[in-house]
Amino acid sequence: MQLDIIESAKVQIVLPEQRLFTVTQPPVTSSIIIRIIKGYEISDEVVFSIIQLVSNSVENLQPENVSVVDTDGNLLSDGIFERLASKRAGTFVEEEKKQKVLEAVISREEAIGSPIIPNYDRIQEWFEIKWKFEDKLKKKTEKQLYGVLPITSFKVEVTSDLGPLENGNIVDIKRQTISVVVDGLDEEVYIDQALKQQIFATVAGAVGYVRGRDSIQLSIAEFPIYTEEEKRAIMQRHAQKGILNYLFMILLGGALLGGLFFGAKKIRSILKKRKKEKEEMEEKEIELEGELEDFEELPEDVKGNDEKITEIKEVASTNPKILATVMEEWIVGGAKEVETEVAEEEPIEEPIEEPIEEVTP
């Protein structure tokens, strides 16, 4: 069955892939190309009938998403709904086709203008920063997914749309698209809703996901995404990283243990020194207490200086070092005075005059 004025037709229908992590899905679209029998003209009513026929045959295909083109390149579906509505309302006026000759009002030089020479250095800098940014996000995402999926069971790709740079820095991220492809043939991977949510949360945390700006897409491949050689290379690379991390942890642990050992030794020596100083202070306090007891046994004429003795006791209790220094100086000075007094009290022996005998001739 076919329409009388149409010689042949070809219909193409696009069913978009169902995305797991997107709120809105792309619409179903269709394109129809028709060849009209020579000598016939197709009306808007016939074009509208073709649109309705195709849209009612495909699920979720809206009439406004159907395009009809003839073999001469005319878009027959353009503005068809408005024209039909005007005809039904009785307000449609068919415009006459007129060919107008456009006259040039400006010269060719004015129309083209001066050539713009792009700054290739800035363009190269922008692409290098963009590539480094995307590579950094890719590696970070892969590292985070290693705790969720087996190492050789997924691939990650990151694309971004960046705004102008400011002093070589990214100041505006317009969009980020992260695609995760999981090997559906891997026996260690079981894709369920819980795993999908875990993958989404992991990727979102790694890239700084912003709802409404970024897009995270999860696809399941029903074919191997790595060859056996690629798998061995990936496993070997991660094994080397694991050995290096292990050695680093050993060195770090040894450094920490060494630091703790020397720290404990230093603290022990400090505590021992403080203990020794404390014992010396206690010994000096005991000596001072004995000397204070001696002060209490002083004669009556000395005991009259009660105020000075009280001050000496306060100094002995608050700062015994000062009192010990004063006592040492006092004892040394007193010993010197005693030696001087003893030297003064020693009797001076007078020379004995012997009698002179007179000799008589």
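## Strand pairing and a helix contact

Phe154 stands opposite Val182 in β7. The model discussed here is predicted.

**Strands**

Phe154 lies within strand β4, which covers residues 154-162. This strand is joined to strand β7, residues 173-183, and the two run antiparallel. On β7 there is also a pairing with strand β8, residues 215-221, and here the strands run parallel. Within this pairing, Ile178 has Ile216 of β8 as its bridge partner. Between β7 and β8 the chain passes through helix α5, residues 193-207. This β-α-β crossover is right-handed.

The two pairings are set out below.

| Strand pair | Bridges | Direction |
|---|---|---|
| β4 (residues 154-162) and β7 (residues 173-183) | 9 bridges | antiparallel |
| β7 and β8 (residues 215-221) | 7 bridges | parallel |

**Helices**

Helix α1 spans residues 44-55 and helix α2 spans residues 80-89. They pack with their axes 10 Å apart, at an angle of about 125 degrees. Angles of 65 to 115 degrees count as roughly perpendicular and those over 145 as roughly antiparallel, so α1 and α2 are oblique to each other. The crossing of α1 past α2 is left-handed.

On the α1 side, the contact is made by Asp44, Glu45, Val47, Phe48 and Ile51. On the α2 side, Ile80, Phe81, Arg83, Leu84, Lys87 and Arg88 take part.

Notes:
Residues numbered from 1 in each chain as written. Predicted model: local features only at pLDDT ≥ 70, side-chain atom pairs only at ≥ 80, totals over all residues. Heavy atoms only, no water. Axes fitted to C-alpha atoms, helices over the stretch in contact; angles between N-to-C directions. Helix = DSSP H or I, 4+ residues; strand = E, 2+ residues; numbered from the N terminus. Parallel < 35°, antiparallel > 145°, perpendicular 65-115°, else oblique. Left-handed = near helix turned anticlockwise from the far one by under 90°. Contact = heavy atoms within 4.5 Å. Pairing = 2+ DSSP bridges. Right-handed = clockwise from strand over helix to strand, strands pointing away.
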